[in-house]
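Please consult the sequence and the model while reading.

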Amino acid sequence: METQLIEPAQAKINLFLHVTGKRDDGYHTLDSLVCFANIGDTLRARLRDDATLTLAITGPMADALEDGSPKDNLVMRAATLLQEKYGVTHGADLILEKNLPVASGIGGGSADAAAALRVLCKLWGLDVPPADLANIALSLGADVPVCLTGGTVLMQGIGEEITPLPPLPGFSLVLVNPGKAVSTPAIFAARDGDFTEAGSWPTDASFADVTTLATALRDCRNDLTLPAITLLPEICDVLDALARADGCLLARMSGSGATCFGLYPDADQAQITATTIAQANPGWWVMAGKIIGTPAS
């Protein structure tokens, strides 16, 4: 049994997000193409001989989580739930390096919780059936199952219906957040109009290159963009900055915002765009990266 492990918690990118309905319990159903970037948080776990769980938070975005109790953090909730459900007698000292903005539409907290489930299963030597782990993930939040799975997937239902898809062509991207958080419940509450019909994306689709992918994505959208903009108009400025950059194939908001992404055919153009936007907007969070496959330890 290893005593120290490191697990990445990569940013989740909703390449499109369609709101397809609303259940009687108030949850909205979605249809979303999801991939992950090589940008994210990092979770370190050290085995303890006793059952104590501790969490320390570091990194540039740590201050955004200081006001909350560590017990309320999704990492601690995931660790406690896993430990109690399987009667684990060991504990763990966890260190979360927080690099992603909080409440930003790219699954930061959900990715952290998923990373905790993955790393603690390895640290504690647990052989949890994937279906059971997925149920634990869903109990922590609607985005946690997809962050647990990783890769390129179609996410439906309230987040629990996950269909693995063929790998997307390699592409670079720029993530931009205006430095302000937006409330997901408030954005759903502000949404108006009809629902989008599910099933618009073929599950066997393959694309020769990112240009072909971007063309197909233009027939889709993020149904939460307009309500998000009504609550935070700066999202328009972010989308405009990305769309005006040379080489941008598609600019769109991810999740419930306020982070937006731009797709680029090569890393050099993405980095130039990120540098230019960051210099012009010192208060914004800007990162260049690329998509990745399944979660990597």
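Lysine 85 lies over the face of tyrosine 86, at 5.9 Å from the ring centre; a charge is taken to sit over a ring if NZ of Lys or CZ of Arg is within 6 Å of the ring centre and within 35 degrees of the ring normal. The model is predicted, with local features needing pLDDT of at least 70 and side-chain atom pairs counting only at pLDDT 80 or more, while totals for chains, interfaces and linings use all residues. Residues are numbered from 1 along each chain as its sequence is written, and side-chain values use heavy atoms, with hydrogens and water left out.

The structure contains 2 aromatic pairs (rings of Phe, Tyr and Trp, the last by its six-membered ring, with centres within 6.5 Å; stacked under 30 degrees between planes, edge-to-face over 60, tilted for the rest). The ring centres of phenylalanine 16 and tryptophan 201 are 5.4 Å apart and their planes stand at 50 degrees, so this pair is tilted. Because phenylalanine 16 belongs to strand S1 (residues 4–22) and tryptophan 201 to the loop between helix H5 (184–190) and helix H6 (210–217), the pair ties together parts 185 residues apart in sequence. Helices (H or I, at least four residues) and strands (E, at least two) are DSSP runs, numbered from the N terminus. Ring pairs join Phe16, Trp201 and Phe207 into a cluster. Phenylalanine 16, at 0% relative accessibility, counts as buried, and tryptophan 201 also counts as buried, at 8% (buried: under 20% relative accessible area, with a 1.4 Å probe and protein chains only).

Of the 16 residues of H2, 14 are buried, so this helix is largely enclosed by the rest of the structure. H2 is followed by glycine 125, whose phi is positive, near 65 degrees.

Definitions and conventions: Buried < 20%, exposed > 50% of the residue type's maximum accessible area, 1.4 Å probe, protein only.
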